[in-house]
Amino acid sequence: MSKSKKNVIDPESIISTYGADSARWFMLSDSPPEKDINWSESGINGAWKICQKIWAIVTKNRDILLQEFQSNSSVYEGKSLKFIKIVHQNLNAITHSIEKFQMNVAIARIFEIVNAISRFEVKNNNDKKAIKESLYILIRVIEPMIPHLAEECWSLSGNKNSITSESWPKANLEYLEN
């Protein structure tokens, strides 16, 4: 791409149409940092859609996020255990990918968490605890990529402080085993 060939993508128009977070998500998810970005309408639209999906998941589960549960340490079983293992295994992979500056790999793992949350059916309090824990993890791990959406979701979940002051979640080693 070059200005002389007039095939440069104008970031202003992308940001005004899709938002800064969608543009950031697309740039980070498209390819490894050493390669050029191949801008496409479908790519940026896909980034916008995942941002909308994350927002929809958080707003759908806002009541659960605002609930207080008796114990912070949950003993999951059955489908809740299977679900929370998926979340923690992906959290572990996201953490390692970010440490290696492989944001596109981290984003792929975030997709897996989003899809797992979307498919999970809440039927009891244990399920609610699992969803709440997974949403807190999701909101925290999207912050390096899409900080504005993460901050809005964090605020929506009843937190008064900024998400940037929240420590990075740690994967539970028990859940990393299959």
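**Notes on the predicted model**

1. Helix α6 (residues 103-119) has 17 residues, which at 1.5 Å a residue should span 24 Å; its end C-alpha atoms are 24 Å apart, so the two values agree. The expected span is 1.5 Å times one less than the number of residues. Helices are DSSP runs of H or I with at least four residues, numbered from the N terminus. This is a predicted model: local features need pLDDT of at least 70 and side-chain atom pairs count only at pLDDT 80 or more, while totals for chains, interfaces and linings use all residues. Residues are numbered from 1 along each chain as its sequence is written, and side-chain values use heavy atoms, with hydrogens and water left out.

2. The buried residues of α6 (buried: under 20% relative accessible area, 1.4 Å probe, protein chains only) are Met-103, Ala-106, Ile-107, Ile-110, Ile-113, Val-114, Ala-116 and Ile-117. Their cover includes α2 (20-30), α3 (41-60), α5 (79-99) and α7 (125-142).

3. Leaving aside residues up to four places away in sequence, Ile-110 touches Trp-25, Ile-94, Leu-138, Val-141, Ile-142 and Met-145; contact means heavy atoms within 4.5 Å.

4. In α8, the buried residues are Leu-149, Ala-150, Cys-153, Trp-154 and Leu-156. They cover an arc of only 160° around the axis, which puts them on the same side of α8; the arc is that of the directions from the helix axis to the C-beta atoms. These buried residues pack against α2, α3, α4 and α7. Just after α8, Gly-158 takes a positive phi of about 95°.

5. How many disulfides are there? The count is zero, where a disulfide is a pair of cysteine sulfur atoms within 2.5 Å. Cys-51 is in no disulfide, and the nearest cysteine sulfur, that of Cys-153, is 9.5 Å away. Cys-51 is buried at 6% relative accessibility, and Cys-153 is buried at 0%.

6. Lys-132 lies in helix α7 and is buried, with a relative accessible area of 14%. Not counting residues up to four places away in sequence, Lys-132 touches Ile-64, Leu-65, Gln-67 and Phe-69. The C-alpha atoms of Lys-132 and Glu-68 are 9.9 Å apart, although 64 residues separate the two along the chain.

Methods:
Helices (H or I, at least four residues) and strands (E, at least two) are DSSP runs, numbered from the N terminus. Buried means under 20% relative accessible area, exposed over 50%, partly exposed in between (1.4 Å probe, protein chains only).
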